[in-house]
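Please read the points below alongside the sequence and the coordinates.

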Amino acid sequence: MTSVANRAARLAWLALAACGAPQATTAPEVPPAGQLASGGTVRVELAGDRIARLPAIATPAGAGAATWLWPPIIDSHVHLTYWPVADELARSGIAAVVDLAAPEATLDAAPDAHGTPAPDAHGDAAPGAHGTPALHVLAAGPMLTHPGGYPLSSWGRDGYGLPCRDPAEVTAAIDRLARRGARVIKLALDDDGLDPALIPVAVAAAHARHLKVAVHALGDASAAAAGRAGVDLLAHTPVEPLADATVALWRGRAVISTLAAFGGRPAAIDNLRRLRAAGATILYGTDLGNTRIAGPNPDEIALLRRAGLDDAAITDAMTTAPAAYWSLPFTVSATAEASFLVLDADPRRDATTLLAPRAIWLRGHRLR
């Protein structure tokens, strides 16, 4: 991407987050009824942007649930500065994203870890463009890297990377990003990224501020170095074959899929299969901005199947697993945020049901 295009995209994102565009429709309609994953059919009663009650309702004997109520989708790897499509994501059933590299200025405009929109000039929560309730955005700001290294050496020269030469610069950068609202720290390791000796420094500084650390590590050596240093999650499934010892390092940690973004390479699919078998948590992510589907990505779902995930596991990777991992308030339960999907079938039996919800509720509003 050219520097001119980067600047244009950055301005578009800041405009989207800060001021919005002409208001459009969100409709507080009669809330729905449907079956819960835990069993039973309920009616949703709302109190503002929260679920107040879920009273049980009777269904005719022998009748299956006409609809299912399900937590919304979370995309754990996007770049909204590249492609400011927050409203389109919300209207497709995605209620939260993790933005894993953007210039520092975008941190001031992004919603916080709990999805509270950035205040406007009057101190009120600003909606998204067209009046759509704001997505939850967990933002990283720029990724830490070596001066002149990735991504500063290529597409990210306009602020997507933050050069760090020594432990003092790493600690100062993470402190500043945390104060500006970053909710995850991203390190670049491949292509002359951050000096591997600085990874433990970054992990210690981020963890002291209760922030997770993600790493851009597409090769075995980088993934192994990150695993040994205590990094929390792989921002991509590595595309080069991983050694068994490297896979073992990621037991109990997490990996974001992004298989379609790299063309579904066989080595990446095999890596994801082995990481999952070793006990890594799989989080659905698309690398949106580099991919261009403004909604749940059917190619990613198909590749997750090729990596050995069944429909229940894919649904978990897209909804409940990232909600738990990122501590987002998405459960269809009393007192939870009123953000949920109304589906025509149980997605644990057919994950593609998530691609076309019957209805989408975000913060107590039904999106049209």
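**Notes on the model**

1. Alanine 248 is located in helix 6. Helices (H or I, at least four residues) and strands (E, at least two) are taken from DSSP runs and numbered from the N terminus. At 33% relative accessibility, alanine 248 is partly exposed. The classes are buried for under 20% relative accessible area, exposed for over 50%, and partly exposed in between, with a 1.4 Å probe and protein chains only. Alanine 248 and glycine 279 lie 31 residues apart in sequence, with 8.5 Å between their C-alpha atoms.

2. On provenance: this is a predicted model, in which local features need pLDDT of at least 70 and side-chain atom pairs count only at pLDDT 80 or more, while totals for chains, interfaces and linings use all residues. Residues are numbered from 1 along each chain as its sequence is written, and side-chain values use heavy atoms, with hydrogens and water left out.

3. Overall, the chain has ten helices and 19 strands. Of its 368 residues, 55% are buried. Among contacts (heavy atoms within 4.5 Å) with a separation of 6 or more, 68% are between residues 24 or more positions apart.

4. How much of helix 5 is buried? Seven of its ten residues are, which makes helix 5 mostly covered. The buried residues are Ser222, Ala223, Ala224, Ala225, Ala226, Gly227 and Ala229. Their cover includes helix 4, strand 13 (212-216), strand 14 (233-234) and helix 6 (244-249). Glycine 230 follows helix 5 and has a positive phi, near 90°.

5. Helix 4 (residues 199-208) and helix 5 (residues 220-229) have axes that come within 9 Å and cross at roughly 45°. Helix 4 is therefore oblique to helix 5. Axes are lines fitted to C-alpha atoms, for helices over the stretch in contact, and angles run from 0 to 180 degrees between N-to-C directions. Under 35 degrees counts as roughly parallel, over 145 as roughly antiparallel, 65 to 115 as roughly perpendicular, and the rest as oblique. Ile199, Pro200 and Val203 of helix 4 make the contact with Ala225, Ala226 and Ala229 of helix 5. By class, this contact has six nonpolar, no polar and no charged residues. Here Ala, Val, Leu, Ile, Met, Phe, Trp, Tyr, Cys and Pro count as nonpolar, Asp, Glu, Lys and Arg as charged, and the others, Gly among them, as polar.

6. Two strands pair if DSSP finds at least two bridges between them. Four bridges join strand 7 to strand 8 (residues 94-99), and four bridges join strand 8 to strand 9. Alanine 96 in strand 8 stands opposite isoleucine 74 and also opposite histidine 136 in strand 9.

7. Some backbone details deserve a look. The peptide bond from tyrosine 150 to proline 151 is cis, with omega near 0°. Proline 151 lies in the loop between strand 10 (143-145) and strand 11 (161-163).

8. Which loop holds serine 327? Serine 327 is in the loop between helix 10 and strand 17 (340-343), and threonine 335 is found in the loop between helix 10 and strand 17 as well. Phi is positive at serine 327, near 55°, and at threonine 335, near 80°; each is a residue other than glycine. Serine 327 is exposed at a relative accessible area of 53%, and threonine 335 is exposed at 60%.
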